[in-house]
Amino acid sequence: MAPTSAPTAPAATARHVPLSMTGSAFREVGHELVETIAALLDGIPAGPVTRATDPATVRAALDAAAPLPDHGMEPGELLRDAAALLADHSLFNGHPKFFGYITAPPAPIGILGDFLAAAVNSNVGAWTLSPMASEIEGQAVRWIADLLGYPQECGGLFVSGGNMANTVGLLAARTKAATWDVQRHGVGGPDAAPLTVYASAETHTWIQKATEIAGLGTDAIRWIPTDAGQRMDVGALRVAILADRAAGMIPMMVVGTAGSVSTGAVDALDEIADVCEETGTWFHVDGAYGALAAAVPGTPPALRAMRRADSVATDPHKWLYAPLEAGCALVRDADVLRRTFSHHPPYYHFGTAATNFVDFGPQNSRGFRALKVWLQLRQAGRDGYVQMIGDDIRLSERLHTLVEVHPELEAVTQALSITTFRFIPEDLRATASRAETAEYLNTLNQALLDRIQRSGEAFVSNAIVHGQYLLRACVVNINTTVADIDALPEIVVRLGREVDGGLRVGG
Ligand SMILES: *Cc1c(COP(=O)(O)O)cnc(C)c1O
């Protein structure tokens, strides 16, 4: 089909570019945006954590069904519009009473770091395309290893988050464990034997995705039971490894958790390391949440055994307070990591050759995630991080104490910076363990969680421990103060009484 009109050729010297901005327009719009962002950040503590509106309301505010516009618009107006939409319809994990899941507020210098990184736009896949950015990433990885007490000569890189960092560890373990060329033949190669992975029942769901991605399938996961403190039963681990080995399988990797997502439990990493050493199995630590607590005096001594791991995953967008996204994978033997992902001959990398991060992970083009983290590590220093993480833990312990003494609350667990608890109406306290009451308390606390989340006053999430539905508050939040912690029990109890009243009338 012939075009209806011939395209007009660009002018010889001045090209009309719909995405262009003059230097002065960029300055004007940019300064205004910085003002808007500063005002947004200033206003977060006094506002709700979230307005918790329904999808229909948010879609209406966006005009979600609108078609792609044919013509463009003025960038200043556009940014004002976008900032207003986000200010009115976001959940702010930087709110001082945000205690849900494990998501940190963004450190201000990290916000600015992402801005700077976007402007330079380094492609940190290849050193040639990102000379300084590649070196900064290398330094940030070594500093994180140092904070964890991990060997700084390890291989490592930034990825999108904990899921990917753990997946990188699992793929490296696969390279090491397979007695055949798994890169070439895959897990179903002619000489292949089944590869198995050992993880406790408290392991985060990354393990399912990673075993699928690696071609093992979730049946390869041996779910090891946990003890009363939600830690892996290391005796059962040893038995499972030996049984699989006797059956002709290849035990590929054990996952120890440094801070479980539900309750902050830290596995007996030293004992797991012993079993891995004895059986020649790769020892991986999922430290997405808790690994950085190793830098803080007084935290569980088991964290110090992370130095014995073959690989560690940690999440700078959790306890380093980086804006999303930033995960970090560390692998003790950099050569195993390279063999896992590099498709160049090995001599290409020897000597003083530069690091090309494309050889260390699954991505090709890579953004400069490391900059924000590197800036934050330099702004706060080691002392600053030890203080901030330690303060989060102390705030969580304070919450646990407040909950313990409150007549309408029951404290259940406290580890790292996670406290779990539940609301128990005073008249049900004496009978709380009877089956009928226990069931009601689960219903009540589940409804209460929803009520708290919708209130915007505070935000907690949930955990299930020994069959009990619990409220879960996690402090990975540099904006939280003692006053925010002290306010939480009263908010929970006030809303709890309301929900209880409603359920009893209705039920
Ligand atoms: C958060 C978390 C993950 C997943 O990390 P993402 O950054 O959300 O991908 C994995 N394991 C643990 C223990 C976590 O806390």
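Predicted model: local features only at pLDDT ≥ 70, side-chain atom pairs only at ≥ 80, totals over all residues.

Reader: Okay, how many helices and strands does the protein have?

Author: The protein has 15 helices and 11 strands.

Reader: And which domains is the protein divided into?

Author: There's domain 1 (23–90), domain 2 (122–367) and domain 3 (391–506). The centres of domain 1 and domain 2, taken over C-alpha atoms, are 38 Å apart.

Reader: What does the C-alpha trace span along its principal axes?

Author: About 85 × 60 × 55 Å. The radius of gyration is 26 Å, which agrees with the value near 23 Å that a compact globule of 507 residues would have.

Reader: How much of the protein is buried?

Author: Buried residues make up 46% of the 507. As for the accessible surface, that comes to about 24,300 Å², with 56% of it belonging to carbon and sulfur atoms.

Reader: Let's do sheets. What's the strand order in the sheet with 7 strands?

Author: It goes S1-S7-S6-S5-S4-S2-S3, an open sheet with mixed pairing. Strand S1 (155–159) and strand S3 (221–224) are the edge strands, each pairing on one side only. From one strand to the next, the twist averages 20°.

Reader: How do S5 and S6 run, parallel or antiparallel?

Author: Parallel: 4 bridges join strand S5 (residues 282–287) to strand S6 (residues 311–314). Val285 stands opposite Val312 in S6.

Reader: Which strands does helix H9 touch?

Author: Helix H9 (residues 234–246) packs on this sheet and touches strand S2 (195–200), S3 and strand S4 (250–257). The direction of H9 makes about 170° with that of S2. Helix H10 (residues 269–279) lies across S4 and S5, and runs at about 155° to S5.

Reader: Now the sheet with 4 strands. How is the pairing there?

Author: Antiparallel, in an open sheet with the order S8-S9-S11-S10. Here the edge strands are S8 (409–415) and S10, each pairing on one side only. The twist averages 35° from one strand to the next.

Reader: Which helix packs on this sheet and touches S9, S10 and S11?

Author: That's helix H14 (residues 435–455), whose direction makes about 30° with that of S11. Helix H15 (residues 482–506) lies across S8, S9 and S11, at about 30° to S9.

Reader: And how many bridges are there between S10 and S11?

Author: S10 and S11 pair over 5 bridges, in the antiparallel sense. In that pairing, Val465 stands opposite Gln468 in S11.

Reader: What sits in the loop between S10 and S11?

Author: His466 is found in that loop, between strand S10 (461–465) and strand S11 (468–474). Phi of His466 is near 50°, a positive value in a residue other than glycine.

Reader: Why point that out?

Author: Because most residues other than glycine have a negative phi.

Reader: Is His466 buried or exposed?

Author: His466 counts as exposed, because its relative accessibility is 64% and the cut-off is over 50%.

Technical notes
Residues numbered from 1 in each chain as written. Heavy atoms only, no water. Pairing = 2+ DSSP bridges. Helix = DSSP H or I, 4+ residues; strand = E, 2+ residues; numbered from the N terminus. Axes fitted to C-alpha atoms, helices over the stretch in contact; angles between N-to-C directions. Contact = heavy atoms within 4.5 Å. Rg over C-alpha atoms; globule rule 2.2 N^0.38 Å. Buried < 20%, exposed > 50% of the residue type's maximum accessible area, 1.4 Å probe, protein only. Areas by Shrake-Rupley, 256 points an atom, 1.4 Å probe, with all protein chains shown as cover. Domains from an automatic or database assignment.
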